[in-house]
Amino acid sequence: MSFVSTLRQWDEAVACVEQRDPASALRIFLNIEEKSSKIFFNIGCLYLNNSELDEAEKAFDRSIGKDEHLAAAFFQRGVTFYKKERFEESLLDFQQAFKQLRGNQLIDYKPLGLRYKLYACEVLHNIGLVQAQLGKWEKAQENLLTALSLRADAKFSHIDHALDAILKQKLFLLVEIRAGLLFKPNKHYVAELEKRDYLGKAKVVSSIVPADEFSGFAPLQPQVDNVPSTPKVPEVLRVFEGEPHTVLYEFYPETKEELAVLPGNIVFVLQKGADNWASVVFNEKRGLVPYNFLEPLDILHFEQICSISNTSRDTVTNQISLLYSSQTNNIREFSGCIVKVHFRFTIAVRIAHGQSYGVILQTISSKLKLPASTLTLCYAKEGVDERVNLEDSEMEAVWNSVKDNRLALWCSVTGGKSVPHEKVVALYSYDSSTPEDLDFKQGNVITVLSKVNDEWLEGQCNGKIGIFPSSFVKALNGDQQCE
């Protein structure tokens, strides 16, 4: 089945739901041959709303199998297990949904076609309810207190009522996604399904033949010679409205709004948002790229390029192509190393291979705009569990550890917000998704080394050091050690 056929059936099924005909919608969804994770999610929601719990469970299983990071599918399968009174499995799914939030307060699915926001506080609300069903009243209270701290605004008053119920060891209502909310196909793709007559019907506007019959038009106007015309600026120059940047790291898009780029590509940043995403132009395409994957690039004085706007489109295109080609060659010929520095935020700098400790420290100091005397650098040495401080005697080992011209360092400030010897206990298991993350199991005790920001901590557990979400742990009193 073609993508167009799938899109047409998907749109038709959603329209049936909006017309309150879920039976027809389910039949259309089931007839789609190549079902995506979103379509299986929609099928599961329709079965769940119809109390067909076994079929709903199977559909959500298929949805998660297609996309193991779809938190909403874990959330809905947790609701399904709860209604089937399989509370242990329900608890695992709600915890997995919370994990997919990655420390964020919510996931807004509107860009993906679902008008729903999955809030961390409501996921914790359901976790507390399942734990209450299992008789774990103290853990239920802890999760609801955490949910209360993550509550975005006053509309989540049901969390207060749930906490009052837990204190009386009473149950409360489950939070569910409202019936009728489904993933919809991209509206721009749907608009393209309609047939359009781009040519229209021919009409006689004017004619020099007296026998032609037409009316309603003014006679031909006399032509004026030597009318000045304003040359149109070639469209290819529009990219220069942005600032040129070079791409440091490879980026794979996860949504249609994002743009795939590779190291060495030159992009033009049109706008940088407060969320650290940049709107860029690359290869005549516009999309979003993480701004910390980019570095400003001063390649030419663009005023000189814009002065050629009176030349032909081909000439302009050739000149810009030569610009891209020469700049890309310069990047490829660069023999240095890209050093990724993890601080309270992550930065990237270029340093020539084999430089001394002093040069590296001074480069990072200039980038962070902090005195070099207050900075301490360390790196992950092969065969050593803990990170090793950077110093002149370690530089040979540091440069030998470079792979693909990439090096990772960690930076801390003397007298910063460190939290020495403080211990916390893990409320949930956390699996690392990057080399910088610290993985642990529920119940592990973690030694906090520093506070990265309000949402992330750096700690040590089981002989490993890394960062982890602060919402996954709570303070611990006593001298208990890591399991």
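## Salt bridges

The structure holds 12 salt bridges, in what is a predicted model. In one of them, K184 and E18 meet through their side chains at 2.9 Å, N to O. This pair links distant parts of the chain, with K184 in the loop between α9 (157-167) and α10 (187-191) and E18 in helix α1 (residues 3-18), 166 residues apart. K184 is partly exposed, with a relative accessible area of 35%, whereas E18 is exposed at 53%.

A salt bridge also joins the side chains of E57 and R86 (3.0 Å, N to O). Here too distant parts of the chain are linked: E57 belongs to helix α4 (residues 53-66) and R86 to the loop between α5 (71-83) and α6, 29 residues apart. E57 has a relative accessible area of 14% and is therefore buried, while R86, at 26% relative accessibility, counts as partly exposed. The salt bridge between D93 and R77 has its closest N and O atoms 2.6 Å apart. Because D93 lies in helix α6 and R77 in helix α5, the pair ties together parts that are 16 residues apart in sequence. Both D93 and R77 are buried. Through shared partners, salt bridges join D54, E57, K84, R86 and E89 into one network.

## Aromatic pairs and cluster

The count of aromatic pairs comes to 15. Among them, F98 and F472 have ring centres 5.5 Å apart and planes at 35 degrees, so the pair is tilted. F98 sits in helix α6 (residues 87-100) and F472 in the loop between β16 (464-469) and β17 (473-475); the pair links distant parts of the chain, 374 residues apart. F98 counts as buried at 3% relative accessibility, and F472 is buried with a relative accessible area of 1%.

The pair of F440 and F468 is edge-to-face, because the planes stand at 90 degrees, with the ring centres 5.6 Å apart. F440 lies in the loop between β13 (418-426) and β14 (445-451), and F468 in strand β16; these distant parts of the chain are 28 residues apart. F440 counts as buried at 2% relative accessibility, and F468 is buried with a relative accessible area of 0%. The residues F98, Y428, Y430, F440, F468 and F472 form one aromatic cluster.

## Charges over rings

Two contacts place a charged side chain over an aromatic ring. The charged end of K340 sits over the ring of Y249, 5.6 Å from the ring centre. R387 lies over the face of W410, at 3.8 Å from the ring centre.

## An open antiparallel sheet

Five strands, in the order β6-β5-β4-β3-β7, form an open sheet with antiparallel pairing. Its edge strands, β6 (285-290) and β7 (294-296), each pair on one side only. On average, neighbouring strands of this sheet are turned by 45 degrees against each other, direction ignored.

Within the sheet, strand β4 (residues 266-272) runs antiparallel to strand β5 (residues 277-282), and four bridges join the two. K272 stands opposite A278 in β5.

## Cysteines

A disulfide is a covalent bond between the sulfur atoms of two cysteines. A search of the whole structure finds zero disulfides. C45 counts as buried because its relative accessibility is 3%, and C461 is buried with a relative accessible area of 2%.

Note on methods:
Residues are numbered from 1 along each chain as its sequence is written. This is a predicted model: local features need pLDDT of at least 70, side-chain atom pairs count only at pLDDT 80 or more; totals for chains, interfaces and linings use all residues. Side-chain values use heavy atoms; hydrogens and water are left out. Two strands pair if DSSP finds at least two bridges between them. Axes are lines fitted to C-alpha atoms, for helices over the stretch in contact, and angles run from 0 to 180 degrees between N-to-C directions. A disulfide is a pair of cysteine sulfur atoms within 2.5 Å. Buried means under 20% relative accessible area, exposed over 50%, partly exposed in between (1.4 Å probe, protein chains only). Rings of Phe, Tyr and Trp (its six-membered ring) pair if their centres lie within 6.5 Å; planes under 30 degrees apart count as stacked, over 60 as edge-to-face and the rest as tilted. A charge sits over a ring if NZ of Lys or CZ of Arg is within 6 Å of the ring centre and within 35 degrees of the ring normal. A salt bridge is a side-chain nitrogen of Lys or Arg within 4 Å of a carboxyl oxygen of Asp or Glu.
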